[in-house]
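This report goes through a protein model from a local detail to the overall fold. The sequence and structure are shown first.

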Amino acid sequence: MNYNSTRDKSKVVSAAQAIAQGISDEGGLFVPQSLPKYTLDDIKALSETDYRGRAKKIFADFLGDFTEQEINESVDAAYTAEKFGSDDPAPISYIESGNTKMSVLELWHGPTCAFKDMALQILPHLLTKSVKKVYSGKEAVILVATSGDTGKAALEGFKDVDGTKIMVFYPVNGVSPMQKRQMATQKGNNVSVAAIEGNFDDAQTGVKKIFTNADIKAKLAENNMLFSSANSINWGRLLPQVVYYFSAYCDMLKEGKIALGDKINVVVPTGNFGNILASYYAMNMGLPIKKFICASNSNNVLTDFIKTGTYDKKRKFYTTISPSMDILVSSNLERLLYHLTDGNAEKIAGWMKQLSENGEYTVDEDVKAKLGELFYGGYCDDENTKKTIGDMYKNENYLCDTHTAVAVNVYQQYVEETNDTTAAVIASTASPYKFAKSVLEAVSDKELPDDEFAMTEFLSAETKTPVPAPLASLKDAEVRFTLECSVDAMPKTVLDGLGIN
Ligand SMILES: *Cc1c(COP(=O)(O)O)cnc(C)c1O
């Protein structure tokens, strides 16, 4: 199976090339030319194996230039009980409340307590194998822009991986204290971290510019290095996310929550549009999904887009208590639009140009209609996010983080508006302990301690749930990275960091 660029149809690359390169030269994203199709019998067969078995089947169907052994090795190394706390890396908590049935798909049992681990524990395996296939002997330099969780998950995935270096940029005031501490204390000999004076969109734009800067690329080439990406612009990030939607369906089937062939709704707290896009791919491969519910926080650019067909990033940027969704330019939307226009790369290139030059674009009526048929967009502000956390805890005895709460709230709005009570999978994207302060404020009236670690212990005592070990151990970890730089200084920071300035 080969991959095209969303902005230039003449670019055709193998899976290994798409993963090694991360982004196409002209700025487009790689998308599969076709999708494997699974029948209900295939889905039934998947349900009879475990998470790793499901992953192996799906990877094999997408990664044509990987051997079976390479895929098996990668999957077996990534999804271990040691890393994910059990043999099921993506367990479901079932919550039935009133007439709604929520299957809360907990994607945060990995080493950094956020769903990014689901992809970033396997990406280094796929990426180093890809680089070996297409750029044999080169060192891969992974540049990451993060709104908090990707950075840490990528650092943890790539630390001390031979043939790679990784550099992470995060917005100086845009991550939670726990997220900052996770990154600043990162271990490993090939890692570096810098805070930038700007928001996530500035960091992401800065990284994309470095990727496509010919001078910098030439400098890397002279030194036998090449850039790659661990952001969800990389196909190797999206593919692992397709697996857990199939796996959730299989688990619900086995638990008797649905019958084979029943449709489900999918609810995703959305930022860069990677997670929800993975569920869209799953549907196009045959997974019975009725509606994609796209949940945003006050940065509700996607809610408006789904309603109006106009994507307008010229709006106030809010720093919220769900920081991993504080995003106004959702990169992976480009892939969805490519598919909704039946692969009209020229059109996509035009819209993306308008977005970067004028800050907005409007899609055609037929694209808008398709979008509205498949997607529901809604948003939830900080106050309602906290209220939802409190209600979920009080009424359902379920403690969820701020991002998951946004999803639950928007799902409730959806049911209210439509009366559609189809069984819903809610993607739960982070451990509540990553956002202890906001979660505590939502579930307790007591006066809170001001230290982040005292807060996690307080939350644990209040709710009688354990602090995840990877977060508890940060308390005594040494701070290694304190660099802050301007957006303009990012290229220099990269070259300095690589020692090739
Ligand atoms: C990254 C992230 C999101 C947003 O996911 P996208 O794939 O970027 O849409 C939501 N919640 C958490 C906790 C995250 O880390």
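The model is a predicted one. Asn 419 sits in the loop between helix 19 and strand 15, and its phi is positive, about 60°, although the residue is not a glycine. Most residues other than glycine have a negative phi.

Asn 397 is a further case: its phi is near 55°, again a positive value in a residue other than glycine. Asn 397 belongs to the loop between helix 18 (382-396) and helix 19 (402-418). With 62% relative accessibility, Asn 397 counts as exposed.

Strand 15 (424-428) is part of an open sheet of six strands, ordered 4-5-15-10-11-14, with mixed pairing. At the edges are strand 4 (92-97) and strand 14 (375-379), each of which pairs on one side only. On average, neighbouring strands of this sheet are turned by 25° against each other, with direction ignored. Strands of a sheet pair through backbone hydrogen bonds, either parallel or antiparallel.

Strand 10 (residues 264-269) and strand 11 (residues 289-296) are paired in the parallel sense, over six bridges. In this pair, Val 267 is opposite Ile 293 of strand 11. Strand 11 also runs parallel to strand 14, to which five bridges join it. There, Phe 292 faces Phe 375 of strand 14.

Helix 13 (residues 274-284) lies across strand 10, strand 11, strand 14 and strand 15, and runs at about 175° to strand 11. Helix 14 (residues 301-308) lies across strand 11 and strand 14. The angle between helix 14 and strand 14 is about 140°.

## Cysteines

How many disulfides does a search of the whole structure find? The count is zero. For Cys 380, the closest cysteine sulfur is that of Cys 400, 10 Å away, which is too far for a bond because a disulfide requires the two sulfur atoms to be within 2.5 Å. Seen from Cys 400, the closest cysteine sulfur is in Cys 380, at 10 Å and again too far for a bond.

Cys 380 has 2% relative accessibility and counts as buried. Cys 400 also counts as buried, at 1% relative accessibility.

## Overall dimensions

The protein contains 23 helices and 16 strands. Its radius of gyration is 21 Å, close to the 23 Å that the globule rule gives for 501 residues, so the protein is as compact as a globular protein of that length. Along the principal axes, the C-alpha atoms fill a box of roughly 60 × 50 × 50 Å.

Of the 501 residues, 60% are buried. The accessible surface comes to about 18,600 Å², and carbon and sulfur atoms account for 46% of this surface. Among contacts between residues at least 6 apart in sequence, 74% join residues at least 24 apart.

Key: Residues numbered from 1 in each chain as written. Predicted model: local features only at pLDDT ≥ 70, side-chain atom pairs only at ≥ 80, totals over all residues. Heavy atoms only, no water. Pairing = 2+ DSSP bridges. Helix = DSSP H or I, 4+ residues; strand = E, 2+ residues; numbered from the N terminus. Axes fitted to C-alpha atoms, helices over the stretch in contact; angles between N-to-C directions. Contact = heavy atoms within 4.5 Å. Rg over C-alpha atoms; globule rule 2.2 N^0.38 Å. Buried < 20%, exposed > 50% of the residue type's maximum accessible area, 1.4 Å probe, protein only. Areas by Shrake-Rupley, 256 points an atom, 1.4 Å probe, with all protein chains shown as cover.
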